[in-house]
Amino acid sequence: MAQFKFLKPPADGEGIQLRPDGGLAVPDRPIIPQIIGDGIGPDISRAMVRVVDAAVERAFGGRRKIVWFEVPAGEGAHESLGEWLPEDTLDAIRSYRVAIKGPLTTPIGGGIRSLNVALRQIFDLYACVRPVRWIEGVPSPVKAPEKLNVIIFRENTEDIYKGIEFAEGTPEARRIIALLKDEFGKEVRPDSGIGIKPVSVTGSKRLVRMAIQYALDHQLPSVTLVHKGNIMKFTEGAFRDWGYEVAKAEFRDRIVTEEELYDTHGGKMPAGRLLVKDRIADSIFQQVLLRPDEYSVLATLNLNGDYLSDACAAQVGGLGMAPGANIGAGTAIFEATHGTAPKYANKDMVNPGSLILSAVMMLEHMGWNAAAALVNRGIARAVAAKTVTYDLERQIEGATKVSTSGFAEAVVAHMG
Ligand code: NAP
């Protein structure tokens, strides 16, 4: 167990442990580190805790309870401790393995590019997981938003996001341009900026492996590898090839590729198998609009995943209710996908839906599915009853506007 410098872990809980098979051993009173977040963070975190505690209590009759462990990060930590991400906070997440966070202000200037990126790198949280489905009653720009129900697994550690970039005119950029010409005969305009796009076997395979395992565990129909391999053959195309390699080498008896479906199964899906297919990135943006019900799990590289997550979220009514998780080998951090919306801080006004739905993902990750289902039901019914925060109220005719805490109460009331 971690030795903390100043934090005092709660005495009445236990840490989640990793089992030898990689699964989680979750005690009845797990300690969950919680980063409250900046701006609207305190409001939405309070609402999330209210809802989750009520759901866990109702689902398990008091036998189980989350023991929240507030850990500092962001603006508040910087002001009181002089650090954006104190070592104790990192130790707590490392020791307790499952954490949840509100939004954090991105420091402007200074050494840290983004606290979220820092957390992903420190814990090697290699998959950004975003489920996107419509909640009945949420206004959407498309005719049949209920047809989209996907989970996007976005590779989180490499691709063009690795941050290996050289500005136009710098000695580094000039050197690389010269190297490309002299060594490889490739012409690049001398006034170019340069970005490097590394895509590895390791990074690609572990991401696709997680996506396939998730689809199998949840009995979902398909995993689609999304790539731009027709143009970027040795990065995006390789991602597709390595994805199929993992599928065939590690899940042979449980999957069928689209090619095999037509070559050996006459186009008829064998019972109990998972379909593994691939689509070109530009095509998937058409497909999720035109044939959304043909897609379930989408596994893709970092940049594609960034665009695709937000496009899909917009299709079902925007980012306000979109949950997310960053998951690595032994650690997972669940988080609201929006920012700190500072103008609404401490007004008890904003929509806590994104963080509450992220907590649903967390409960499922812990195997506490009965509590997760109750929260889902509470949210669905509260929105169907048009009891919503300002952001949805302004779009739904006849809706009743409630505060952040009022929405949490409505969710709790609708769980039963
Ligand atoms: P933002 O905080 O997401 O807010 C933009 C707008 O989105 C708000 O003004 C509001 O729109 C709406 N909104 C966001 N969250 C909402 C909620 N829970 N309920 C209802 N409406 C919500 O984006 P930003 O202003 O660009 O970023 C502010 C700070 O957050 C920056 O420091 C940024 O770096 C940081 N950030 C952090 C994270 C993270 O920690 N994961 C993510 C993104 C940004 P209306 O005014 O139209 O109602």
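How many aromatic pairs does a search of the whole structure find? I ran this search first in my notes, keeping in mind that the model is predicted, and the search of the whole structure finds five aromatic pairs.

I looked up phenylalanine 60 and tryptophan 368, whose rings form an edge-to-face pair with 5.5 Å from centre to centre and 70 degrees between the planes. I then asked where the two partners sit, and found phenylalanine 60 in helix H1 and tryptophan 368 in the loop between helix H11 (353-365) and helix H12 (369-384), so the pair ties together parts that are 308 residues apart in sequence.

**Entry on the ligand.** I turned to the shell of 21 residues around the ligand, where Thr106, Gly339, Ala341, Asn351 and Tyr390 come nearest. By class I recorded nine nonpolar, seven polar and five charged residues in this shell, and I noted that strand E15 (332-336) and helix H13 (390-393) each supply at least two of its residues.

**Entry on polar atoms at the ligand.** I looked up oxygen atoms of the ligand and found one at 2.7 Å from a polar backbone atom of glycine 339, one at 2.9 Å from a backbone N or O atom of leucine 104, and one at 2.8 Å from an N or O atom in the side chain of tyrosine 344. Last, I noted that the ligand taken alone exposes 880 Å², of which the protein buries 66%.

Conventions
Residues are numbered from 1 along each chain as its sequence is written. This is a predicted model: local features need pLDDT of at least 70, side-chain atom pairs count only at pLDDT 80 or more; totals for chains, interfaces and linings use all residues. Side-chain values use heavy atoms; hydrogens and water are left out. A residue is near a molecule or strand if one of its heavy atoms lies within 4 Å of it. A polar contact is a pair of N or O atoms within 3.5 Å; within protein, one must be able to donate a hydrogen and the other to accept it, and residues adjacent in sequence count only if both atoms are side-chain atoms. Accessible areas come from the Shrake-Rupley method with a 1.4 Å probe; for residues, only the protein chains shown count as cover. Helices (H or I, at least four residues) and strands (E, at least two) are DSSP runs, numbered from the N terminus. Ala, Val, Leu, Ile, Met, Phe, Trp, Tyr, Cys and Pro count as nonpolar, Asp, Glu, Lys and Arg as charged, and the others, Gly among them, as polar. Rings of Phe, Tyr and Trp (its six-membered ring) pair if their centres lie within 6.5 Å; planes under 30 degrees apart count as stacked, over 60 as edge-to-face and the rest as tilted.
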